Amino acid sequence: MLTILKHIVISADELEFTAIRAQGSGGQNVNKVSSAIHLRFDIKASSLPGFYKERLLEFKDKRITADGIIVIKAQTFRTQQKNREDALERLKTLILDATTIQKNRRPTKPTRSSQRKRMDSKTKRGNTKAMRGKVM
């Protein structure tokens with residue numbers, strides 16, 4: 001069971017774990033032990049509230065397929081259990097990131113003083129460069 005917030009919980013039967021062999025170096029052990037985890041989570045068939053489903057399906061992330069299935073591959077750790085916990089934590093952060101609402105940015109104008117300072121520094125820098133020319 002994965003708790004996203006106090007009132008939002010994903011049951012274990014909605015999560016599909018598959019143990020696979022990890023990529024990369026690891027010596028002889030890497031070819032024998034399936035320590036990496038593939039986590040698959042179907043957004044449309046889940047028990048998440050409608051708002052969360054909509055936001056996840058609209059969210060642009062390479063881990064979300066066109067069918068609405070989240071696929072997370074966890075292979076950082078050497079044990080299956082730690083990779084399973086890592087995959088669950090990454091699923092939780094993905095769901096929270098997709099559902100946070102960004103505040104609209106209010107465009108602001110630079111102050112008159114900052115504009116004057118900028119122009120003064122540009123003039124000073126230009127004068128310094130002009131002094132580098134050949135002496136007549």
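**A buried leucine, an open sheet and a nonpolar core**

L48 is buried, with a relative accessible area of 6%; here buried means under 20% relative accessible area, exposed means over 50%, and partly exposed covers what is in between, with a 1.4 Å probe and protein chains only. The model is a predicted one, so local features need pLDDT of at least 70 and side-chain atom pairs count only at pLDDT 80 or more, while totals for chains, interfaces and linings use all residues. Residues are numbered from 1 along each chain as its sequence is written, and side-chain values use heavy atoms, with hydrogens and water left out.

Back to L48, then. This leucine sits in the loop between β4 and α1; helices (H or I, at least four residues) and strands (E, at least two) are DSSP runs, numbered from the N terminus. Setting aside neighbours within four places in sequence, L48 is in contact (heavy atoms within 4.5 Å) with I8, I10, F41, K53 and L56. A12 is 36 residues away from L48 along the chain, and the C-alpha atoms of the two are separated by 13 Å.

Next comes the sheet. Three strands make up an open sheet, ordered β3-β4-β5, and their pairing is antiparallel; two strands pair if DSSP finds at least two bridges between them. Strands β3 (15-20) and β5 (69-74) stand at the edges with a single partner strand each, so one side of each has no neighbour in the sheet. On average, neighbouring strands of this sheet are turned by 20° against each other, direction ignored. The pairing of β3 with β4 (residues 36-42) is antiparallel and runs over six bridges, and I20 stands opposite A36 in β4. Helix α2 (residues 80-99) packs on this sheet and touches β3, β4 and β5. The direction of α2 makes about 140° with that of β5; axes are lines fitted to C-alpha atoms, for helices over the stretch in contact, and angles run from 0 to 180 degrees between N-to-C directions.

What about the inside? In soluble globular proteins, nonpolar side chains tend to be buried together. In this model, the largest nonpolar core has 21 residues, and I10, F41, I70 and L91 have the most contacts inside it. Such a core is a set of buried Ala, Val, Leu, Ile, Met, Phe, Trp, Tyr and Cys residues joined through side-chain atoms within 4.5 Å. Two or more residues of this core come from each of β1 (2-5), β2 (8-10), β4, α1 (50-58), β5 and α2. Helix α2 gives the largest share, six residues. As for L91, leaving out residues up to four places away in sequence, L91 touches L2, L15, L39, F41, I70 and I72.

S35 is another residue worth a look, in the loop between β3 and β4. With a relative accessible area of 10%, S35 counts as buried. Apart from neighbours within four places in sequence, S35 is in contact with I20, A22, F77, R78, T79, Q80 and N83.

Now for the charged pairs. Side chains of opposite charge can pair when their charged atoms come close. A search of the whole structure turns up two salt bridges, a salt bridge being a side-chain nitrogen of Lys or Arg within 4 Å of a carboxyl oxygen of Asp or Glu. One of them joins R63 to D61, with the closest N and O atoms 3.0 Å apart. R63 is partly exposed at 26% relative accessibility, and D61 is partly exposed at 21%. R90 forms a salt bridge with D86, where the closest N and O atoms are 3.1 Å apart. Both R90 and D86 lie in helix α2, four residues apart, which is about one turn of the helix. R90 is partly exposed, at 24% relative accessible area, whereas D86 is buried, at 18%.

Finally, the rings. The structure holds one aromatic pair; rings of Phe, Tyr and Trp (its six-membered ring) pair if their centres lie within 6.5 Å, and planes under 30 degrees apart count as stacked, over 60 as edge-to-face and the rest as tilted. The rings of F51 and Y52 have centres 5.7 Å apart and planes at 85°, so this pair is edge-to-face. F51 is partly exposed at 39% relative accessibility, while Y52 is buried at 12%.
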